[in-house]
Amino acid sequence: MTDEPDLIPGIYIYCDRWCERCAFTSRCLQFRLEAQENVSGGTLQNFDALNVTFWLEIGEALVQAMRLIREIAANEGIKPDDLQNETVFSEPPVSHYRDAREHPCASAALIYAGMVNDWFATVDEFSETEESLLTNPPHTLDEPIRVIRHYQYFLYPKIVRAVEGRLGKQVSTSAELETDACGSAKVALIAIDRSLAAWSVLYGEYPSQEDSTISILLHLDRLRRALEVVFPDARAFIRPGLDG
Ligand code: SF4
């Protein structure tokens, strides 16, 4: 299988492990090894093309999310420059920490996971129906909710791994550690972007939850900017097959 030219070596190393929504299943060895059934290449290519469209739509929602965050910040009296300079989770420097799990970005990712649970629990609590939003979402919100749920617990381990790579680099000159740190930070940043896009779709759908939705959007946006400060090369990192 490794001799197949269409397969992209190492594509699965810095992916988001969401094969159901991946646009590269036909070119991923890991997917083929884990697939329960022997699916034809043509079927996978059609599946991949649908997922390309899905992520293009999420990309458009991200533009909307960024606009929304600027509006929210303006309403709260935060100037655009202040928003850009606010790097609350990026201090003190990584060298201050002995354990990656103590880094503020890791803590912020855990806090975010809890905020998501609280948000959905509150929606269910005040729902006029007996059905949970998570198990029976309205059709139009099904996909954004899936995006949020997929990345909810994905962020923390990726950020911890990225910080671990940076901590390891302090005691070693290994380029591999720096590469791993940037690759892990990049996939965490992509997960945040997509989560922001999904939350921007939910914003407005639940007026009674507006304050907590705003808190989540601002929290995620702060985490995004802090990661970009801690890992300034992450956005430019080229993941095998997925970027460029
Ligand atoms: S690259 Fe895609 S198909 Fe392969 S493991 Fe990652 S998400 Fe799944």
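Reader: Which residues surround the ligand?

Author: Tyr 12, Cys 15, Arg 17, Trp 18, Cys 19, Cys 22, Thr 25, Cys 28 and Phe 31 surround the ligand, each with a heavy atom within 4 Å of it. By class, this shell has 7 nonpolar, 1 polar and 1 charged residues. Here Ala, Val, Leu, Ile, Met, Phe, Trp, Tyr, Cys and Pro count as nonpolar, Asp, Glu, Lys and Arg as charged, and the others, Gly among them, as polar. Bear in mind that this is a predicted model: local features need pLDDT of at least 70, side-chain atom pairs count only at pLDDT 80 or more, and totals for chains, interfaces and linings use all residues. Residues are numbered from 1 along each chain as its sequence is written, and side-chain values use heavy atoms, with hydrogens and water left out.

Reader: How do I read the cavities, and what is the volume of the largest cavity?

Author: Rolling a probe the size of a water molecule over the atoms shows where empty space is left. On a 1 Å grid over the protein atoms alone, a cavity is a set of points where a 1.4 Å probe fits but cannot get out; a pocket is an open set with protein on both sides within 12 Å along at least five of seven lines, and lining residues have an atom within 4 Å of a point. Points are joined across faces, edges and corners, and a volume is the space filled by probe spheres set on them. The count comes to 1 cavity of 30 Å³ or more, and the largest cavity has a volume of about 120 Å³. The ligand takes up that space, a call that needs more than half of its atoms within 2 Å of the grid points. Of 14 lining residues, Tyr 12, Cys 15, Cys 19, Cys 22 and Cys 28 lie nearest the centre of the largest cavity.

Reader: How far apart are the end C-alpha atoms of helix H4?

Author: An α-helix has 3.6 residues a turn, so residues three or four places apart point the same way. The expected span is 1.5 Å times one less than the number of residues. Helix H4 (residues 104-125) has 22 residues, so it should span 32 Å; its end C-alpha atoms are 31 Å apart, which agrees. Its buried residues include Ala 109, Tyr 112, Val 116, Trp 119 and Val 123. H2, with 35 residues, reaches 51 Å from first C-alpha to last, close to the 51 Å expected.

Methods: Helix = DSSP H or I, 4+ residues; strand = E, 2+ residues; numbered from the N terminus. Buried < 20%, exposed > 50% of the residue type's maximum accessible area, 1.4 Å probe, protein only.
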